[in-house]
Amino acid sequence: MLMVKKVIKDIRVVEIMSRDVVTIAPEATLKDAHEIFRKYDYNALPVVSGGRVVGIMTKLDLLRAFSFGTKFRRSNFWVMRTAVVSVSPNDKLQTVVDHMVEFSLRSIPVIENDRVVGMVSREDIMSHLSLED
């Protein structure tokens, strides 16, 4: 049996995060969220009020709203998650991978001083993984 060595390059979140983060306000409608998801094809949108992160909304959260019969007029406040799993710019990439696996996340906001400064997606991480024989 061939053994494969798994390596995650020793880099920090700040080196791979996307910096142009699209956010949404808590008072935005589900229709607004739907339009943003379609336009940018992101999996998660940080919910920001007064410059600070107050929650996160994923495509799955939006789908859940429909399973409960929610109408598009409703605010995304009703379907966003207020418990946000996040990382800081100086965290190691391994921390992101661990959080993604533990919480089944596709992307994680990068937060510094309660403000979103970036996002890291599974796609961002894939190019920094290495499998060696």
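Two strands are said to pair if DSSP finds at least two bridges between them. The model described here is predicted. The protein holds five helices and six strands, and its elements follow the order β-α-α-β-β-α-α-β-β-α-β from the N terminus.

**Overall figures**
- Of the 133 residues in the protein, 37% are buried.
- The accessible surface amounts to about 8,500 Å², and carbon and sulfur atoms contribute 51% of that surface.

**The hairpin of E2 and E3**
- Strand E2 covers residues 44-49 and strand E3 covers residues 52-58; the two pair in the antiparallel sense over six bridges.
- Two residues lie between the strands of the hairpin, and Gly-50 adopts a positive phi near 60 degrees.
- Strand E2 is largely enclosed by the rest of the structure because five of its six residues are buried.

**Asp-124 in helix H5**
- Helix H5 spans residues 122-126 and includes Asp-124.
- Asp-124 is buried but forms no salt bridge.
- Arg-19 carries the nearest side chain of opposite charge, at a distance of 11 Å from Asp-124; the cut-off for a salt bridge is 4 Å.
- A polar atom of the Asp-124 side chain lies 2.9 Å from the backbone nitrogen of Ser-121.
- Leaving aside residues up to four places away in sequence, Asp-124 touches Ile-16, Ser-18 and Met-119.

Notes
Residues are numbered from 1 along each chain as its sequence is written. This is a predicted model: local features need pLDDT of at least 70, side-chain atom pairs count only at pLDDT 80 or more; totals for chains, interfaces and linings use all residues. Side-chain values use heavy atoms; hydrogens and water are left out. Helices (H or I, at least four residues) and strands (E, at least two) are DSSP runs, numbered from the N terminus. Buried means under 20% relative accessible area, exposed over 50%, partly exposed in between (1.4 Å probe, protein chains only). Lys and Arg count as positive and Asp and Glu as negative; His and the chain ends are not counted. A polar contact is a pair of N or O atoms within 3.5 Å; within protein, one must be able to donate a hydrogen and the other to accept it, and residues adjacent in sequence count only if both atoms are side-chain atoms. Contact means heavy atoms within 4.5 Å. Accessible areas come from the Shrake-Rupley method with a 1.4 Å probe; for residues, only the protein chains shown count as cover.
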